[in-house]
Amino acid sequence: MAFRWPYIFLLFGSLAVAAYRGNVLRQVTWDLLGLAMAGSIIVVLYELAMGVMTKGIVKAAVMTGLISVVAAVTLALAMKR
């Protein structure tokens, strides 16, 4: 787990840059968001392969992802109006 803190720093740093670019500079940020998602997926797949994640952790992660998608769609639809 030596990569945990650098990974968290890079993930939230890229999300902060994406938020700044999107809100302040009005630029498209799909590239940074895609990198953040790809990095997260790679870490999850690696931990699953190594047997680090339990069924409870996987269930919580899936539920969090589903709730996030619903919240994002709701927010996008609300902002469209």
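User: What volume does the second largest pocket have, and what makes a space a pocket?

Analyst: In this predicted model, the second largest pocket has a volume of about 200 Å³. On a 1 Å grid over the protein atoms alone, a cavity is a set of points where a 1.4 Å probe fits but cannot get out, whereas a pocket is an open set with protein on both sides within 12 Å along at least five of seven lines; a lining residue has an atom within 4 Å of a point. The volume is the space filled by probe spheres set on the points, which are joined across faces, edges and corners.

User: Which residues line the second largest pocket, and how are they classed?

Analyst: Its lining consists of Ala18, Ala19, Gly22, Asn23, Gln27, Val28, Thr29, Trp30 and Leu33. The elements giving two or more residues to this lining are H1 and H2; helices (H or I, at least four residues) and strands (E, at least two) are DSSP runs, numbered from the N terminus. By class there are five nonpolar, four polar and no charged residues. Here Ala, Val, Leu, Ile, Met, Phe, Trp, Tyr, Cys and Pro count as nonpolar, Asp, Glu, Lys and Arg as charged, and the others, Gly among them, as polar.

User: Why is serine 14 called buried?

Analyst: Serine 14 has a relative accessible area of 16%. Buried means under 20%, exposed over 50%, and partly exposed in between (1.4 Å probe, protein chains only). Serine 14 is therefore buried. Beyond its neighbours within four places in sequence, serine 14 is in contact (heavy atoms within 4.5 Å) with Leu32 and Ala36.

User: How do you know that arginine 21 and aspartate 31 form a salt bridge?

Analyst: A salt bridge requires a side-chain nitrogen of Lys or Arg within 4 Å of a carboxyl oxygen of Asp or Glu. The side chains of arginine 21 and aspartate 31 meet at 3.4 Å, N to O, and the pair is a salt bridge. Arginine 21 lies in helix H1 and aspartate 31 in helix H2, ten residues apart. The structure holds one salt bridge.

User: Are these two partners buried or partly exposed?

Analyst: Arginine 21, at 18%, is buried, while aspartate 31, at 45%, is partly exposed.

User: What rules apply to the numbering and the values?

Analyst: Residues are numbered from 1 along each chain as its sequence is written, and side-chain values use heavy atoms, leaving out hydrogens and water. Local features need pLDDT of at least 70 and side-chain atom pairs count only at pLDDT 80 or more, whereas totals for chains, interfaces and linings use all residues.
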